[in-house]
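Here's a quick briefing to read with the model open beside you.

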Amino acid sequence: MSGVQLRKLGALWRLGVAEATAYRTSLLVWVLATTMPLISLVLWRALARGGPIGDYDQAGFDSYFIAAFVVRQLSVSWVVWDLDGQIRTGALSALLMRPVHPVAHHVMINLAALPLRTALAAPVAIAVLLVTGGMSITTNPVALALAIPALVLAWCLNFLTQLAIGCLAFWLTKAAALYDVWIGAYVVLAGYLVPTSLFPAGLAEVARVLPFHAALGFPVELLIGRLSSAQALAGIGLQLVWLVVIGGIAALAWRRGLRAYGAFGA
Amino acid sequence: MSAGFEHGAARRHLRLLGAQLRLSTLAALEYRVGFWTEGVVGLAWSLGGVVPLVVAFEHRSDVAGWGPWELVLLTGFFLIISGVYAAVVQPAVSRSMTQIRTGTLDYLLLRPVDPLASCLTAQFEPWSLIETLTGIVVVIVATAKLGLSPSVGQLGALAVVLVCGLLSLVALGVLMLSASFKAMELQNLTSLMETLLGFAHWPVSVFRGPLKLVFTFVVPFAVMTSYPAQSLIGGLGWAELLGAVGTTLALTVGARVIWGRALRGYTSASS
Amino acid sequence: MADEPAISLQGLEKNFRVSQREPGLWPAIRALFRREWVEVAAVAELSFEIQRGERVGFLGPNGAGKTTTLKLLAGLLYPSGGRARVLGFDPADRRPEFLRRIALVMGQKRQLSWDLPSLDTFELNRVVFDVPRELYERRLAEMTELLDLGEVVRKPVRTLSLGERMKCELVAALLHAPEVLFLDEPTIGMDVSMQLAIREFIREYHRRHGATLVLTSHYMEDVAALCERILVIDEGRLCFDGSIGELVRRIRPLRRVAIRVTQRLDEGQERALEQLGQLALVGPPRLALDVDPERVPEVVARLLAVPGARDLEVQDAPLEEVMRELFARRASVREGATDTGDGA
């Protein structure tokens with residue numbers, strides 16, 4: 001990448017940080033809105049009081065849901081709402097006029113908010129860690145090394161899904177509402193409310209190959225040491241497969257959508 | 001701000017409600033795709049929230065003292081509450097927030113009716129009532145399955161807690177709306193509320209410590225789903241009933257006062 | 001009661017709190033911890049009275065406080081200080097009896113439901129404002145005819161042109177026949193013929209109902225055609241109150257006397273005319289002289305004596321020019337003030 005490109009991305013990063021700071025109140029509300037795993041933690045901890053549920057005891061649930069909270073904070077984006085708004089209001093035209101790819105723009109804006117988001121979420125996570133008495137992290141060096149790419153891939157999966165759905169705004173008026181449908185499935189199937197390994201037999205196997213699980217449940221289980229090295233590698237492989245599929249759909253939707261956008265002259 | 005009570009005010013507010021309902025229904029019929037995006041998807045969303053309950057029963061014979069059909073009864077009440085939230089509270093609050101942001105709330109304030117009544121009837125999504133209707137059916141089926149024959153007293157208690165639950169739901173909506181006067185960014189409070197509402201799936205007795213207090217007195221999901229189910233099963237005591245009424249009163253009065261103060265600070269965005 | 005003015009303001013004030021920061025990354029992070037607030041006075045000690053049935057126009061540059069004043073008078077904003085009475089009510093109380101007797105029309109904000117025909121919103125307003133059905137039918141018929149709306153009211157609002165939408169907005173606002181009508185930029189963004197139609201309609205409404213009219217507009221023609229009295233507001237303060245003619249004479253005390261000529265005067269004649277006033281145009285085709293009002297008869301006589309003179313006119317300076325001059329003058333006063341502020 002040339003120096004000019006890097007400078008542009010740097011400028012976008014600074015813009016993203018400034019925007020995140022300006023909207024810090026809403027960022028905080030978002031962090032709070034994604035504390036759902038922590039409430040699930042309290043709930044499952046109470047249910048496991050009389051003995052373990054499946055292969056999760058109280059400490060197991062603590063680890064799982066704290067990790068789920070952290071992974072969720074680090075893997076979110078909101079490009080679907082931005083894109084939906086920009087397409088409907090025609091503000092996308094201004095982005096298209098810039099010598100930076102609009103998708104690169106959104107990537108930088110979303111990434112730039114991560115540090116502040118982490119800063120806002122960290123006190124919550126630390127408080128929970130102190131109250132529950134800590135969590136266990138994998139001691140397997142292979143799993144630990146794979147946790148980083150698994151997290152990056154989880155972020156990419158979320159971003160590309162949002163991009164693909166956001167592109168529907170080129171044709172539909174309620175594209176952002178469709179994302180609610182996706183999130184509805186995600187909450188249940190990704191292991192956000194309950195680890196998918198506890199699902200009834202049959203449902204568990206299906207849930208664990210879907211992209212929802214690849215975007216949350218897998219990195220979480222990897223992080224807290226519930227997967228063998230072989231399972232970890234298989235999980236990364238599955239993440240890559242979904243990345244290609246969803247990325248392909250997003251690219252197609254973007255290209256077709258731009259043509260439609262140009263056609264009605266926004 | 002004084003509502004200015006005068007002769008015929010109640011009648012006019014009722015007619016306002018009727019006219020707004022008519023308008024929203026007409027708009028909803030314009031987009032028939034709403035049957036799918038709001039009605040069916042909303043129902044699927046709520047039923048999906050039951051999965052963790054199923055998981056719990058896979059490994060336990062009861063959840064905090066509640067048997068499977070008792071939880072089905074509770075789920076019925078959850079569907080009723082969640083449907084009302086999606087059909088009435090959420091659309092009205094979101095619409096009013098948009099109007100605050102764009103400044104068209106001006107026209108709402110210029111009407112000779114209580115501004116809060118105007119805001120709370122600003123929009124209505126009839127398709128979401130599918131969820132509420134399903135909830136009513138679920139409640140009836142579960143009551144039959146459990147072989148319950150509630151007494152008049154129990155039905156009275158049910159009516160009281162249901163009204164309390166719906167009122168506090170509306171009061172929470174008013175509080176969110178008031179907050180968005182202060183800072184536009186607080187508009188995504190509605191999504192926080194939606195997330196939280198998921199925990200109304202569980203009987204309040206599951207929760208311990210501060211979270212139990214929060215779900216009983218601050219965001220009273222207990223009043224919305226656990227208490228109605230308990231009132232039919234027969235486990236609702238006087239203390240809980242009084243607590244529900246007290247919490248609801250406090251929330252409603254608080255919301256009204258805070259709303260009045262928020263309105264005074266309205267700056268009428270100029271676009 | 002009949003003698004009480006329709007609108008009276010005594011020392012009305014409205015302040016807004018705005019946060020501000022320098023652009024860039026570091027100020028943004030600093031603002032995380034400490035936000036700087038500035039109190040801005042949008043309306044400062046405004047006092048005036050408007051009688052029933054008067055037609056008054058607010059003039060002033062952008063951000064002068066015109067719209068804020070209108071919103072205070074309509075009860076949308078709560079004043080920071082002072083007192084306002086409209087039809088004997090305190091607007092901020094927003095009493096139903098008060099709201100039923102006023103209306104505010106804003107050119108940049110719409111009340112009509114976007115996806116539905118205007119008629120549906122009219123029907124809602126009929127209920128909300130308690131208009132008896134036959135009265136509603138009569139007013140609706142009358143206004144749709146005056147505005148030449150026809151079937152337009154049956155089309156979804158999103159399909160209407162800007163002008164058609166504004167006409168429907170006016171109908172929606174006037175169905176309850178308000179006694180006081182506030183108009184904020186009612187013709188903004190419209191073409192000349194649409195501006196004219198809306199202006200005509202407002203004038204007709206005033207004639208039929210004897211309503212009190214308060215108008216802000218960027219288009220001087222709106223104000224000139226509709227308003228007999230002008231209030232110039234700048235930086236939230238009243239700086240002129242009078243008729244358009246008076247305003248023009250205040251800013252441009254000289255009057256312009258012009259004739260059509262066929263050839264240029266010789267130097268001697270020009271010098272003689274310059275003794276009487278300032279030569280603004282030295283034709284052909286036109287010769288114009290800006291003079292003191294008292295000298296007009298003398299100048300008229302002299303100009304008519306010019307050989308071949310035709311079409312003599314005595315005029316005030318064009319309104320747009322007057323406004324430009326007025327605001328330019330005020331802006332320079334303001335800059336002067338900031339200069340001294342910096343020095344201190």
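This is a predicted model: local features need pLDDT of at least 70, side-chain atom pairs count only at pLDDT 80 or more; totals for chains, interfaces and linings use all residues.

Chain A averages a pLDDT of 88, and chain B averages 86. Over all chains, the structure holds 23 salt bridges.

**How confident is the model?**

- In chain A, 98% of the residues score at least 70 in pLDDT.
- Among the elements of chain A, helix H2 (residues 24-33) has the lowest mean pLDDT, at 80, while helix H12 (residues 211-215) has the highest, at 96.
- For chain B, 93% of the residues score at least 70. Residues 1-5 of chain B have a pLDDT below 50, and beyond near neighbours in sequence this stretch has 14 contacts in the model.

- As background, the size of an interface is often quoted as the accessible area lost when the parts come together.
- Here, about 3200 Å² is buried between chain B and chain C, with carbon and sulfur atoms giving 58% of that area.
- On the chain B side, Tyr107(B), Leu110(B) and Pro112(B) lose the most area to chain C, together 23% of what that side buries.
- The contact takes in 35 residues from chain B and 34 residues from chain C.
- There are 4 salt bridges between chain B and chain C. Arg22(B) forms a salt bridge with Asp120(C), with the closest N and O atoms 3.3 Å apart.

- Side chains of opposite charge can pair when their charged atoms come close.
- In chain A, Arg208(A) and Glu221(A) form a salt bridge at 2.8 Å, N to O. Arg208(A) sits in helix H11 (residues 203-209) and Glu221(A) in helix H13 (residues 217-223) of chain A, so the pair ties together parts that are 13 residues apart in sequence.
- In chain C, Arg203(C) and Glu200(C) form a salt bridge, their closest N and O atoms being 2.9 Å apart. Both lie in helix H7 (residues 192-209) of chain C, 3 residues apart, about one turn of the helix.
- Arg203(C) is partly exposed, with a relative accessible area of 32%, and Glu200(C) is partly exposed at 43%.
- Glu204(C) and Arg208(C) also meet in a salt bridge, 2.8 Å from N to O. Glu204(C) counts as buried because its relative accessibility is 18% and the cut-off is under 20%, while Arg208(C) is partly exposed at 41%.
- Glu204(C) and Arg208(C) belong to a network of salt bridges that also links Glu142(C) and Arg207(C).

**A nonpolar patch on chain B**

- Leu213(B), Val214(B), Phe217(B) and Val218(B) form a nonpolar surface patch, with about 340 Å² of accessible area together.
- Val214(B) is placed in helix H10 (residues 209-218) of chain B and is partly exposed, with a relative accessible area of 30%.

**Backbone angles to check**

- Most residues other than glycine have a negative phi.
- Leu87(C) has a positive phi of about 55° although it is not a glycine. Leu87(C) lies in the loop between strand E4 (81-86) and helix H3 (96-99) of chain C, and is buried at 6% relative accessible area.
- Asp130(C) also has a positive phi, near 60°. Asp130(C) is in the loop between helix H4 (118-128) and helix H5 (133-146) of chain C, and is partly exposed at 24%.

Technical notes. Residues are numbered from 1 along each chain as its sequence is written. Chains are lettered from A and ligands numbered from 1 in the order in which they are written. Side-chain values use heavy atoms; hydrogens and water are left out. Patches are made of residues with over 30% relative accessible area and no salt bridge: like charges are joined within 9 Å, nonpolar side chains (Val, Leu, Ile, Met, Phe, Trp, Tyr) within 5 Å. Accessible areas come from the Shrake-Rupley method with a 1.4 Å probe; for residues, only the protein chains shown count as cover. A salt bridge is a side-chain nitrogen of Lys or Arg within 4 Å of a carboxyl oxygen of Asp or Glu. Helices (H or I, at least four residues) and strands (E, at least two) are DSSP runs, numbered from the N terminus. Buried means under 20% relative accessible area, exposed over 50%, partly exposed in between (1.4 Å probe, protein chains only). pLDDT is the predictor's confidence in each residue, from 0 to 100. Contact means heavy atoms within 4.5 Å. Buried area is the accessible area (1.4 Å probe) that two parts lose on being put together, summed over both.
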